[in-house]
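Visitor: Hi! I'm new to this one and would like a friendly walk through it. Could you show it to me?

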Amino acid sequence: MLESPQSATVRPSASTPGRPDPALETLLAGVAESAYGVALCLADGEATAVEYLLRAVAGACRDGTGLAADTDVRLWFLGILTREHLVAERRGPEQADSGDLDDTPDLLLYARSAAVGWPTAGEHPAAELLECLGTERVVTALRRLPADYRVLCTLYFMADLSYEEIARVMEYPAGTVRGRLRRARKMLQKSLWRIAEAEGMTHAPGGAP
Amino acid sequence: MTTRRLDRPTCEETFRRLDDYLDRRLSPEETRLIEEHLHLCDACSREFVFEASVIEAVREKLRRVAAPPDLIARISAQIQGERADG
């Protein structure tokens with residue numbers, strides 16, 4: 001069983017080249033839970049999420065012997081994980097059907113919520129709708145985004161990464177994240193609303209039909 | 001991105017900075033001007049609060065994802081396997 005890590009940085013390795021550094025176990029244990037959350041949003045279910053994660057662990061074992069002492073292990077591992085996902089996505093037969101997600105107008109959830117009587121004012125106006133949708137449907141909404149946007153949104157919402165961190169993980173040029181994330185957020189709103197519609201949740205409790 | 005310096009932002013200029021404001025990427029001066037506008041403009045204020053609320057609510061839902069109890073053991077086994085193959 002792995003132990004909790006003492007630090008998120010890598011110490012100089014004394015392991016045989018090509019073999020995993022013993023410290024890697026400890027370091028990966030420290031990022032495993034949050035990496036699983038990311039994998040779950042990218043995969044099509046729990047089994048595939050674990051599969052992605054274990055593939056990323058294998059990748060980390062191959063790459064982890066020469067890490068610099070100041071490597072941010074979480075970002076490094078998320079980079080391996082998201083690349084594993086994108087490679088699998090490109091190989092796989094099925095791509096998420098993004099439909100017209102790219103045409104999502106600004107403030108879609110706000111406008112639709114207002115139209116059918118979900119709260120649009122107050123301290124946390126979207127909380128009630130999202131609470132009704134629940135975690136599983138939010139994850140499903142993320143999974144329905146096109147692959148790159150799914151990764152972007154997952155790193156932003158699930159892993160709470162900054163623009164700079166997302167750029168590092170996804171190997172985007174600096175400055176690219178802002179625009180793509182703006183589009184990704186709009187896509188996510190449409191994806192969430194589609195699920196709400198499909199689940200018959202477009203009539204707010206006590207609201208107008 | 002080139003944007004003109006904010007003086008007294010209009011609703012449109014304020015909206016254009018919504019994401020940067022929510023992600024705390026504006027300068028203190030820009031933040032102050034946006035907040036001034038939000039204080040005076042009920043429509044913009046409602047939109048900003050709603051969008052912030054969506055971000056927070058999505059994050060809050062995702063924080064509830066729990067990893068399988070045997071995840072660490074499986075990772076450990078994967079690493080041992082890589083070592084054996086190494």
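Guide: Happy to. One term to start with: helices here are DSSP runs of H or I with at least four residues, numbered from the N terminus. Also keep in mind that this is a predicted model.

Visitor: Is A:Leu107 buried or exposed?

Guide: Buried, because its relative accessibility is 15% and the cut-off for buried is under 20%.

Visitor: What can you say about the phi of A:Leu107?

Guide: Its phi is near 55 degrees, which is a positive value in a residue other than glycine. As background, most residues other than glycine have a negative phi. A:Glu171 also has a phi near 55 degrees, and this residue too is not a glycine.

Visitor: Where does A:Glu171 sit?

Guide: In the loop between H7 and helix H8 (176–198) of chain A. A:Glu171 is exposed, with a relative accessible area of 58%.

Visitor: Let's zoom out. How many helices and strands does chain A have?

Guide: Chain A has 8 helices and 0 strands. Its pattern along the sequence reads α-α-α-α-α-α-α-α. Of its 209 residues, 52% count as buried.

Visitor: And what share of the contacts in chain A joins residues 24 or more positions apart?

Guide: Such pairs make up 71% of the chain A contacts with a separation of 6 or more.

Visitor: How do H6(A) and H7(A) cross?

Guide: Helix H6 (residues 147–158) and helix H7 (residues 163–170) of chain A have axes that come within 10 Å and cross at roughly 135 degrees. The two are therefore oblique to each other, and their crossing is right-handed.

Visitor: Which residues meet there?

Guide: From H6(A), A:Asp148, A:Val151, A:Leu152, A:Leu155 and A:Tyr156 meet A:Tyr163, A:Ile166, A:Val169 and A:Met170 of H7(A).

Visitor: Switching topic: how many aromatic pairs are there over all chains?

Guide: The structure holds 3. In one of them, the ring centres of A:Tyr156 and A:Phe157 are 4.9 Å apart and the planes stand at 90 degrees, so this pair is edge-to-face. Both A:Tyr156 and A:Phe157 are buried. Another aromatic pair is B:Tyr21 with B:Phe48, which is tilted, with 5.6 Å from centre to centre and 55 degrees between the planes.

Visitor: Which helices do B:Tyr21 and B:Phe48 belong to?

Guide: B:Tyr21 lies in helix H2 (residues 18–22) of chain B and B:Phe48 in helix H4 (residues 42–62) of chain B, so the pair ties together parts that are 27 residues apart in sequence. B:Phe48 is buried, with a relative accessible area of 3%.

Visitor: You mentioned A:Tyr156. Which arginine lies over its face?

Guide: That is B:Arg59, at 4.4 Å from the ring centre of A:Tyr156. Within chain A, A:Arg180 lies over the face of A:Tyr172, at 4.2 Å from the ring centre.

Visitor: Tell me about A:Tyr172, then. Where is it?

Guide: A:Tyr172 lies in the loop between H7 and H8 of chain A. At 13% relative accessibility, A:Tyr172 counts as buried. Leaving aside residues up to four places away in sequence, A:Tyr172 touches A:Asp148, A:Leu152, A:Ala167, A:Val177 and A:Arg180.

Visitor: Back to the two chains. At what angle do H8(A) and H4(B) cross?

Guide: Their axes cross at roughly 75 degrees and come within 12 Å. That makes H8(A) roughly perpendicular to H4(B). A:Arg185, A:Leu188, A:Gln189 and A:Leu192 of H8(A) make the contact with B:Glu51, B:Val54, B:Ile55 and B:Val58 of H4(B).

Visitor: How far apart are A:Tyr110 and A:Arg74?

Guide: They are 36 residues apart in sequence and 34 Å apart in space, C-alpha to C-alpha.

Visitor: Great, thanks for the tour!

Terms used. Residues are numbered from 1 along each chain as its sequence is written. Chains are lettered from A and ligands numbered from 1 in the order in which they are written. This is a predicted model: local features need pLDDT of at least 70, side-chain atom pairs count only at pLDDT 80 or more; totals for chains, interfaces and linings use all residues. Side-chain values use heavy atoms; hydrogens and water are left out. Rings of Phe, Tyr and Trp (its six-membered ring) pair if their centres lie within 6.5 Å; planes under 30 degrees apart count as stacked, over 60 as edge-to-face and the rest as tilted. Buried means under 20% relative accessible area, exposed over 50%, partly exposed in between (1.4 Å probe, protein chains only). A charge sits over a ring if NZ of Lys or CZ of Arg is within 6 Å of the ring centre and within 35 degrees of the ring normal. Axes are lines fitted to C-alpha atoms, for helices over the stretch in contact, and angles run from 0 to 180 degrees between N-to-C directions. Angles under 35 degrees count as roughly parallel, over 145 as roughly antiparallel, 65 to 115 as roughly perpendicular and the rest as oblique. A crossing is left-handed if the near helix is turned anticlockwise from the far one by less than a right angle, and right-handed if clockwise. Contact means heavy atoms within 4.5 Å.
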